[in-house]
Amino acid sequence: MGIAKADRKLMREINNMHVLQLIRVNGPISRPDLAEQTGLGLSTISNIVGELLENRLIRDVGEGDSSGGRRPSLLDINESARYTFGVKIGPGNVWVALFDLRIRPVDVEELSFPPTASPDVVLSETTAVIERLRKKHRIPRRDVLGIGVSTSGLIDAESGTCVYSPILKWEHIPIKQILGQSSKLDVMVENDVNAFAYGMLLHEPNMSIKNMICITTGPGVGAGIILDRSLYRGSRGGAGEFGHMSIDQHGPLCSCGRQGCLEVLASDQFLLARARELVSSGQSSILQMMSEDKDLSPTSLLFAAESGDEGVRDIYRELGRNLGCGVANLINLFDPDKIVIGGEGAVAANFFIETTREIAYKYSFPHLADHVEIVVDDGSEDVWLQGAAALVVEEFFKVPFAS
Ligand SMILES: [Zn+2]
């Protein structure tokens with residue numbers, strides 16, 4: 001009897017979630033349409049809808065069109081019923097954003113830290129911002145689904161630990177445990193490029209795009225892999241270590257100890273190394289002038305390229321070729337519909353995207369790249385935060401035992 005009762009409870013939960021998902025994706029929608037799409041009886045639908053209305057997860061939004069007779073009332077998701085926080089931890093900065101149930105931003109704050117700030121300080125100040133935003137918008141803790149955190153490096157999503165992040169210089173930091181204890185909220189931790197890829201999927205209006213790879217360039221090189229509209233993490237969360245794909249076994253040494261990784265051939269490190277060579281050979285008067293005042297940075301290189309410095313433009317084209325080589329390998333491996341190039345380095349994409357495309361198409365298996373779109377992201381932080389929050393929201397909407 002106990003088992004049968006548990007089964008009934010589970011069936012009800014599955015049906016409730018199924019109906020909630022349908023309302024979320026297809027709303028506003030009427031009860032008869034829900035019955036038709038789920039195959040459940042109208043009275044079962046009415047019971048489920050009653051429960052969802054009582055929990056404020058959905059709301060009545062008025063009457064729809066009718067082909068005759070009484071017009072059916074329409075139901076839609078109640079976006080202010082639950083909230084989620086998205087957090088992005090970067091070197092020296094943390095962004096905290098509050099999202100509604102439709103994953104639309106409600107509020108956002110940015111925190112700055114000295115590079116030497118300890119993980120404890122960074123995480124306790126992050127909790128303080130979360131609390132401040134929650135109180136500012138008068139949201140009870142029970143209405144918060146959780147916190148989605150995105151950070152660089154190898155992440156153990158199960159335990160929510162940052163196993164190793166060379167960019168943050170963090171090792172074995174139990175982010176989920178620390179933030180969970182201080183905020184008393186559920187926490188999910190995800191690699192930042194994965195969160196970016198998931199955020200890009202949310203913004204992808206074309207539902208026929210099923211397989212998408214989002215690449216980031218800048219301080220490092222990474223990739224988030226979306227297969228069949230789901231995030232692919234690999235067995236240990238390490239999938240997408242695109243930056244350590246070697247494209248030249250005799251190339252320069254990488255921080256990982258191997259040679260010719262994309263991380264040394266298509267990141268800021270590559271740009272700056274080539275720029276220093278250009279300065280010492282006396283071939284760039286603009287960079288020469290800029291390097292007299294202060295150390296060269298990716299921003300000064302972009303300025304030089306925009307000012308028409310052909311030597312610097314050549315460096316970007318070379319970076320584009322290296323990146324294109326990696327992209328060709330991704331196309332051959334995953335046969336994706338779309339490749340997005342983002343991250344801090346994408347601000348200079350005008351100077352390298354053409355060579356990236358050219359090499360990617362040239363070195364892909366014949367006909368495989370014919371339909372692959374290679375596009376550049378505009379670089380807003382929102383996508384990264386939205387992706388992190390979306391992972392928490394998806395978990396909430398997941399039908400029990402569906403995957
Ligand atoms: Zn490497």
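Trainee: Why is the second largest pocket said to lie between domain 2 (83–198 + 383–396) and domain 3 (206–379)?

Mentor: Look at who lines it in this predicted model. Domain 2 and domain 3 both give residues to the lining, so the second largest pocket lies between them.

Trainee: What makes a residue count as lining?

Mentor: A lining residue has an atom within 4 Å of a point of the pocket. For the second largest pocket, 41 residues line it. S152, G153, I167, D192 and G220 are the closest to its centre.

Trainee: Which element gives the largest share of the lining of the second largest pocket?

Mentor: Helix 6, with 4 residues. Strand 4 (83–90), strand 5 (93–99) and strand 13 (222–227) each supply at least two.

Trainee: What is the make-up of that lining by class?

Mentor: The second largest pocket has 16 nonpolar, 17 polar and 8 charged lining residues. Gly counts as polar, so G153 and G220, both close to the centre, belong to the polar class.

Trainee: How much space lies in the second largest pocket, and what volume has the largest?

Mentor: About 920 Å³ lies in the second largest pocket. The largest pocket has about 1500 Å³.

Trainee: Which helix gives the most to the lining of the largest pocket?

Mentor: Helix 13, with 5 residues. Helix 13 spans 382–397.

Notes:
Residues are numbered from 1 along each chain as its sequence is written. This is a predicted model: local features need pLDDT of at least 70, side-chain atom pairs count only at pLDDT 80 or more; totals for chains, interfaces and linings use all residues. Side-chain values use heavy atoms; hydrogens and water are left out. On a 1 Å grid over the protein atoms alone, a cavity is a set of points where a 1.4 Å probe fits but cannot get out, and a pocket is an open set with protein on both sides within 12 Å along at least five of seven lines; lining residues have an atom within 4 Å of a point. Grid points are joined across faces, edges and corners, and a volume is the space filled by probe spheres set on the points. Domain bounds come from an automatic or database domain assignment.
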